[in-house]
Amino acid sequence: MGFTAKAQVYNAAIQETVLGVGDKALTLGGARTQPLCSFDETWKNAPAVGVEVSDIPFETEGFPVLAEYYAGCESFGDRVKRASEMEGAKFVCLHFEGADPGGENKSVEDIVALAKEAAAATDLPLVITGCKNVEKDQAIFTAVSDALSDRNPLFMSAREEDYKTIGAACAMANGHKVGAESAVDINLAKQLNVLMTQLGVAPTSIVMNLGSAAAGYGFEYVASTMDRVKAAALEQNDTMLQMPVITPVALETWSVKESIMSQAEMPEWGDKEERAVDMEVVTASACLTSGSDAVILRHPTSVKTIAAMLAALA
Amino acid sequence: MGLFDVVYHGSDEMYFKAEAAVKETIEKIGENAPVSFGNTAYYLACIKAYTALEVTNMAQLRDALVPIRAMMTRNNRTADIFHSGIATAMAAEVIEACKYAVNPKPYGEADNPNDNKYHGHMTDAEVRELGVPLVTRDIPGFVVLIDEAPTDEQAVALIKGYQSRGIFVFLLGGIIDQAVRKGVKMGFPVRVVPVGPDIIAVSHIISLVVRAAFIFGNIQPGDYVNMNTYTMDRIFAFVNAFTPVSDITVACGAGAIAMGFPVITNETKDMNWRVPKSLIINEDVDQWIDCSLEARGIKIKVTEMDIPIACSSAFEGEIIRKGDMQLEADGSRKDCLELVRTKDVHEIEDHKITLVGKDIDEFGVGEKICMATIVEVGGVKMQPDFEPVMERKIHSFINCLEGIMHTGQRDLIRIRVSKAAFEAGFRMKHFGELLYAKIKNEYDAVVDKCQVTIYTEPEKVHELRVEANKIYDARDARVSKLTDESVDVFYTCILCQSFSPSHVCIITPERLGLCGAVSWMDAKATNQLDPNGPCQIVPKERVIDENIGIWEDVNEAVNKYSHGALEQVSLYSIMMDPMTSCGCFECICGIEPFSNGVVIVNREHTGLTPLGMSFSELASQTGGGVQTPGFMGHGRHFIPSKKFMKAEGGVQRIVWMPKALKDSVAERLNATAKELYGIDSFVDMIADETLTPEGDPEALVEFLTEKGHPALGLEPMM
């Protein structure tokens, strides 16, 4: 007797959230199956790959391919344009590292100007990432939210400390999308979603950033949290955990030793750029397998590889 | 004239003014002339909000008068004065719109409206700028002050009083001149905005409110009910109107009340219709701030503490040695105590700090002093059950001060103040400032007002100690009387799920959390203070088996909060679906097959149990949120509970415990055994590591037989 595969399709679905506007608008979520299981049901919306661009040009020492990709770019706008042209890129993540008061401490006005420059350079949906300083992020997100009021961007991230301001200024006042960031804990993730909706943010304006780790750096916690979030969303129809998940993979993988030690220091580890790309690809594929609906990557080779993987699985 | 008539009269007056203004303006600029306040996407926002009309020219403005008039109903029901009140604000907007139609800058030539005497219309950008902190409650609310205060000084005191509490202030009419005379700095950036010379300009404030509701609440134009529900629930505004209050102002006030904004006034004429919490007559203007905040339910966050030394968890473990000590309050030698008491809100003066007795600089260096700290709190949601929860936090609050050491609680505290802290200027009142700020911030869900009194006068402290001990005893009695049967709900605790994802504790009065840190009372307080937090209510209505401790509600809760990992838990059994453990249990109890009983071992005990396993070996079988029949993690205080493995016969199953653990629970365990089985000195029948050789079950059975331990005669557990 032949084997008959039984499709595992749930009655509940991951919520759909739209980023960006126009032809290039991107819908995240919509799945009624376990992650990537296109054999159970054809994907409604494929998981998406986005490209990170920082206002501070990336370190290119030991990364000739990355350096070559952005060669000739003179401004942030140039780099954003180039990034949006990567094969497989569905959105661009503007990472405003330079706003950090402990670093370059760029003013809110400067950041707004950069955001406008970036918006003019690409029509892909935009994801805005701050500098991790709670106060500064609130200020720049509020200002950028007004400046990009016609672009429907996603702001990452609203945390327990600042979800009120970011929820009110970005999602409620301008109708943008907000990433709810929690630190690898299903209960905190859910609590933040509950608090944001109580504030008045529409659930469809929320995307979850459940936190991540580079592969090998405690990733099992990430995988287990994502598994349980997806199980609660699909098996138990928990509406407060049905928001799509976005994972800023690049933010994690480019700071681990595998990606920063030079080949001179670690000759036995081989080529530095290859290692950095491997870390990014391995972590991103693990996140997608665990349930991320979007990942943010930096290297053109990683973006191409993950996009190809998703295309092959569709 | 009754209040209804006043409102009717006032709204008529405003309407006729509006009608006249429209007529005059059309004569001047024609009916096709555009009408706009500028810098807004919401047309004339009040009119749009309540009629859905989008007015862009004078003809449309004239037509808008019809629905405005229609809203001024006269059936002598409360709804009539509410509708008329809101229509009055819309009529006011018509008048203002006429001004702007004739001259786009009716309130001054400056491009920045903050540079003009009156601000007038607020832009959408200003609505957003104020709206975001209003939504986040960083600005706890706003007040509209109308007309002239009795004196200039009182005007300034009110403005500054509100400003210092973070309340945004709008001014209308005569009070603006008072503020100007007194040199009060005004403008949007300093959160004091002089809107206009008379009550008609109130429409700019209502316009701001309704635009905030459009922007942040997604309220649809013309949706009267939802608009007013939103403003009532989400916009924390209120009105202070000084006598003499004109009929027009009363009519606008009725509109404010319809939107959920209470009106506080010192006008007594014709105010025969009082609405609790909505129309408040208070002739003492100096009390208005407290009165208004209470009426609108606004709580002010305390952000700064006036203390000369640092306060941070970095100083929590700091030890002050004798030589570095300025003075010491030592509860083991002198009378000392800490007590949190609930009082009626009206008996408490918020932020009152009192010292009775000598201050730190009046004692000798190194002196041992008597000290009583009494914290009195009040609030609508405050319950006496929260007192011990707050009281226990006093330790960690004070211990975080730099150069101050604190140990213990109740009347067994010890506080040391270092010479360095003293030299930095630390005095007794600063304890009060610290406790006030911490309690108001941490417990803002239940505490509306808080005052602190510190006593160092020995006789008084002695008296207080006697009284306090009665209170402590009463509390203990209440806790010991609390049984699982006497309460209606249990609580979940999922604090540990970050590392033990499928574990859920069910906290009952007789079974505290297995970590020993969360009692039923704590869980209850946690739930009230943080309704979305780790402790959720579990009703206990659908009982399946009360003896084994199975409730359908409990099963549903563990299923839900373990995200489906667990289906059933029996609260009083260790054999059938025992409660799971995260890993932070104080004790483990495990079945001992030879004696037909259980052994209990606490975390601190390093030796072997009669099972041949140590605590850590047993822990590896028990933690991680899995059910292992025969093994269970639990809190120390659960041992003498009547619910301890009640399904298997209760505490008489306990055959072995480490001596230290046994000693710590002996008194209560003996009492329980006496009550349940009539056994005297039951603890003496329990073996420990000093009575039988380590890891030797045969010697254990011999010992138990010799003592006549009841477990030997019970039915087998397996």
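I began at P244(B), which sits in the loop between β4 (237-241) and α10 (247-258) of chain B; here helices (H or I, at least four residues) and strands (E, at least two) are DSSP runs, numbered from the N terminus. In chain A I noted another cis bond, from M156(A) to S157(A), with omega near 5 degrees, and S157(A) belongs to strand β6 (residues 154-158) of chain A.

For my own reference, the model is predicted, with local features needing pLDDT of at least 70 and side-chain atom pairs counting only at pLDDT 80 or more, while totals for chains, interfaces and linings use all residues. Residues are numbered from 1 along each chain as its sequence is written, and chains are lettered from A and ligands numbered from 1 in the order in which they are written.

Next I looked up positive phi values in chain B. N39(B), in the loop between α1 and α2 of chain B, has a phi near 55 degrees although this residue is not a glycine. N39(B) counts as exposed because 12 other C-beta atoms lie within 10 Å; the scheme calls a residue buried if 20 or more other C-beta atoms lie within 10 Å of its own, exposed if 12 or fewer, and partly exposed in between, with C-beta atoms placed from the backbone. H351(B), also not a glycine, has a phi near 65 degrees, and with 16 other C-beta atoms within 10 Å this residue is partly exposed.

I then turned to C46(B), in helix α2 (residues 45-51) of chain B, which is buried, with 31 other C-beta atoms within 10 Å. Leaving aside neighbours within four places in sequence, its contacts (C-beta atoms, placed from the backbone, within 7 Å) include A89(B), M90(B), S203(B) and V210(B).

On the nonpolar cores, I read each one as a set of buried Ala, Val, Leu, Ile, Met, Phe, Trp, Tyr and Cys residues joined through C-beta atoms within 7 Å. The largest has 207 residues, of which V92(A), V94(B), V169(B), L171(B) and V202(B) touch the most other members. Helix α4 (residues 78-102) of chain B gives the most to this core, with 13 residues. Apart from this core lies another, of 122 residues, among them F490(B), V601(B), M645(B) and A673(B).

The buried residues of α19(B) pack against β21 (597-602) of chain B, and just after the helix G678(B) takes a positive phi of about 70 degrees.

Last, I checked where the chains meet: the contact takes 15 residues from chain B and 21 residues from chain A. On the side of chain B that touches chain A, α5 (124-136) and α8 (202-217) of chain B each supply at least two residues, and the largest share, 5 residues, comes from α5(B).

Technical notes: Contact = placed C-beta atoms within 7 Å.
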